[in-house]
Amino acid sequence: PSFPLQTSWYYPALVIIALWVWAGFWMRGRPRSPMLRWFYDRPSFSAFRQARLHHYAVLMAIRMPIFLVQCLSFYLQMISFNIHVTLGQAIASTPAIMLVTALPIVPVGLGTDQAVMVYGFRAYGAKADLLGMSLATNAMGMIFRLALGLSSAGAFARELADEVQTTEAPAVGEVLCNGSWSRTSESASGATEVATEVYSEE
């Protein structure tokens with residue numbers, strides 16, 4: 001009943017329009033204004049200068065399923081904590097919650113996430129339920145990030161060990177077999193070339 005986005009639907013629309021204006025600024029090319037040229041030529045914005053419309057389309061196609069899964073997960077979490085919201089309200093509020101919790105002002109959104117949940121959904125459930133759901137969500141997010149970080153670290157360590165073994169392996173080896181010298185050299189691309197020199201015994 002008192003959900004903020006229920007009557008302020010134009011806030012998400014303004015955010016979407018602002019994002020498209022931002023993308024259009026980079027796609028239209030180098031501006032004429034000296035100040036805008038200075039901003040446009042910043043090395044930190046090279047990705048925006050190289051991005052084209054199909055890059056944004058691919059990025060949206062990748063992010064949209066992830067976003068829908070997050071909305072559904074958020075809705076089910078609310079229902080499990082006896083917070084009765086509609087699926088549409090969960091979908092409408094998820095971008096704002098993700099934006100606020102992603103701000104680099106507190107670790108993993110602790111504090112900001114709880115404030116958004118208690119203020120935005122106070123008419124749909126008790127404050128204790130809202131606070132408990134928000135803390136449980138943060139805890140599950142940290143657990144999943146920890147598992148993902150450990151698995152990624154293991155894969156990186158194995159890849160680094162393989163590179164070290166490949167670097168330390170002898171590039172040229174000589175083997176004496178059946179009275180002949182066989183010289184084996186391995187090129188950088190992994191192809192192996194074998195040259196054999198036969199020495200006759202006098």
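1. Let's start at asparagine 82, which sits in the loop between H5 and H6. Helices and strands here are DSSP runs numbered from the N terminus, with at least four residues of type H or I for a helix and at least two of type E for a strand. Asparagine 82 has a positive phi of about 65°, although it is not a glycine. At a relative accessible area of 47%, asparagine 82 counts as partly exposed. On that scale, buried means under 20% relative accessible area, exposed means over 50%, and partly exposed is in between (1.4 Å probe, protein chains only).

2. A quick word on what you are looking at: this is a predicted model, where local features need pLDDT of at least 70 and side-chain atom pairs count only at pLDDT 80 or more, while totals for chains, interfaces and linings use all residues. Residues are numbered from 1 along each chain as its sequence is written, and side-chain values use heavy atoms, with hydrogens and water left out.

3. Now the overall plan. The protein has eight helices and three strands, and from the N terminus on the order is α-α-α-α-α-α-α-α-β-β-β. Of the 202 residues in the protein, 18% are buried.

4. Next, have a look at the second largest pocket, with about 810 Å³ of space. Of the 23 residues that line the second largest pocket, the closest to its centre are Gln70, Met98, Thr137, Gly141 and Arg145. Helix H5 (53–80), helix H6 (87–101), helix H7 (112–120) and helix H8 (127–168) are the elements that give two or more residues to this lining. The largest share, eight residues, comes from H8.

5. How is a pocket found? Rolling a probe the size of a water molecule over the atoms shows where empty space is left. On a 1 Å grid over the protein atoms alone, a pocket is an open set of points where a 1.4 Å probe fits, with protein on both sides within 12 Å along at least five of seven lines, and lining residues have an atom within 4 Å of a point. The volume is the space filled by probe spheres set on the points, which are joined across faces, edges and corners.

6. The lining of the second largest pocket divides into eleven nonpolar, ten polar and two charged residues. Here Ala, Val, Leu, Ile, Met, Phe, Trp, Tyr, Cys and Pro count as nonpolar, Asp, Glu, Lys and Arg as charged, and the others, Gly among them, as polar. Glutamine 70 is in helix H5 and is partly exposed, at 33% relative accessibility.

7. On to the aromatics: a search of the whole structure finds 15 aromatic pairs. Rings of Phe, Tyr and Trp (its six-membered ring) pair if their centres lie within 6.5 Å; planes under 30 degrees apart are stacked, over 60 edge-to-face, and the rest tilted. Tryptophan 26 and phenylalanine 45 have ring centres 5.1 Å apart and planes at 50°, so this pair is tilted. Tryptophan 26 is in helix H2 (residues 10–27) and phenylalanine 45 in the loop between helix H3 (34–40) and helix H4 (46–50), so the pair ties together parts that are 19 residues apart in sequence. Both residues are buried.

8. Trp26 and Phe45 also belong to one aromatic cluster, together with Trp22, Phe25, Phe39, Tyr40 and Phe48.

9. Finally, check serine 134 in helix H8. Is serine 134 buried or exposed? Serine 134 is buried, with a relative accessible area of 1%. Its side chain makes a polar contact of 2.8 Å with the side chain of glutamine 114. Such a contact is a pair of N or O atoms within 3.5 Å; within protein, one must be able to donate a hydrogen and the other to accept it, and residues adjacent in sequence count only if both atoms are side-chain atoms.
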